[in-house]
Amino acid sequence: MPRRKLKKKKSSFSGKWIDFFFIGIAILFIFSIAYHYRSGIINYLGFKSHYNSGTNVFSEARNLKVLEKNEGKTVGLDVSEYQGKIRWSYVDTIEEKYPLRYVFIRATVGKDRVDNQFKRNWLGAKENKMIRGAYHYYRPNENSLEQAELFIKNVKLKKGDLPPVLDIEKLPKEQSIERLKIGLRRWLKAVELHYGVRPIIYTGEKYYDDFLKEEFSDYLFWIANYNFYREEIQEDWLFWQFTEKATVPGIDTNVDVNIYNGDIQQLEYITVE
């Protein structure tokens, strides 16, 4: 009769050791994150940041870390109808430390829609003595010149305003990338011809790297990137939208906050003459 081999019992100790190892790594990671953002967490827990309840401790902490690391650069925000009715006289600083010097305001969308808070925001920002700029949300599948005409019809730039902005975030469904780029060029050239100033392009970092960086290198860019590992503005970015979850007095919802790659005098230098 052949002898049956006895199965070796798996060591329960080795399994538990692996579990403890990974738990330890997780705890170490959490503590390292907490230590890195300690000043922001302390500030948050001190109830200094609760203008609204839509943010969390790590978003607040990361926002403050970014602001600390970009000390000396100019801070601003961008708004649209999604922020509701803003009380502009209260919009002044973040955490009573970082002045908000400028604001980009959504003016138009596609070829046929005006942001329903644009006029109110445009006047409110001016009364609040903020440097203001207007942006157009571009719809890839609509006629580019009709979109430019809508923006031009509704936005009257004055001396001291920021250059117009083209916001492109989506890929086309009914045309090629090459046709999209032709449309973007048409919008940019029509708007530049009207205002006498070259527009800025807003987009996400990946969209910028994949589709725009090379062929639109003659334009300045405003880049969105909210990743935790990114804490300082890149040299080739004019503006950096580093969060969409900031709390600002006078605004009842979360709001985007941006850093300009320079001081206030350099920001004033790029405004409309």
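Some ground rules. This is a predicted model: local features need pLDDT of at least 70, side-chain atom pairs count only at pLDDT 80 or more, and totals for chains, interfaces and linings use all residues. Residues are numbered from 1 along each chain as its sequence is written, and side-chain values use heavy atoms, with hydrogens and water left out.

Back to Thr-247. It is found in the loop between β9 and β10 (255-260). Helices (H or I, at least four residues) and strands (E, at least two) are DSSP runs, numbered from the N terminus. Thr-247 is buried, with a relative accessible area of 3%; buried means under 20%, with a 1.4 Å probe and protein chains only.

Next, the cavity. On a 1 Å grid over the protein atoms alone, a cavity is a set of points where a 1.4 Å probe fits but cannot get out; a pocket is an open set with protein on both sides within 12 Å along at least five of seven lines; lining residues have an atom within 4 Å of a point. Grid points are joined across faces, edges and corners, and a volume is the space filled by probe spheres set on the points.

The count comes to one cavity of 30 Å³ or more. The largest cavity holds about 70 Å³. Glu-60 and Thr-247 are both in its lining, and so are, among others, Asn-63, Phe-242 and Val-257. α3 (57-69) and β9 each give two or more residues to that lining.

Of its 24 lining residues, the closest to the centre are Asp-167, Glu-169, Tyr-202, Gln-241 and Asp-256. α7 gives the most to this lining, with four residues.

Last, packing. A nonpolar core is a set of buried Ala, Val, Leu, Ile, Met, Phe, Trp, Tyr and Cys residues joined through side-chain atoms within 4.5 Å. The largest has 54 residues, and Leu-77, Val-79 and Val-91 touch the most other members. Helix α6 (residues 177-195) gives the most to this core: six residues. A second, separate core of 16 residues includes Ile-200, Trp-222, Tyr-260 and Ile-264.

Methods: Buried < 20%, exposed > 50% of the residue type's maximum accessible area, 1.4 Å probe, protein only.
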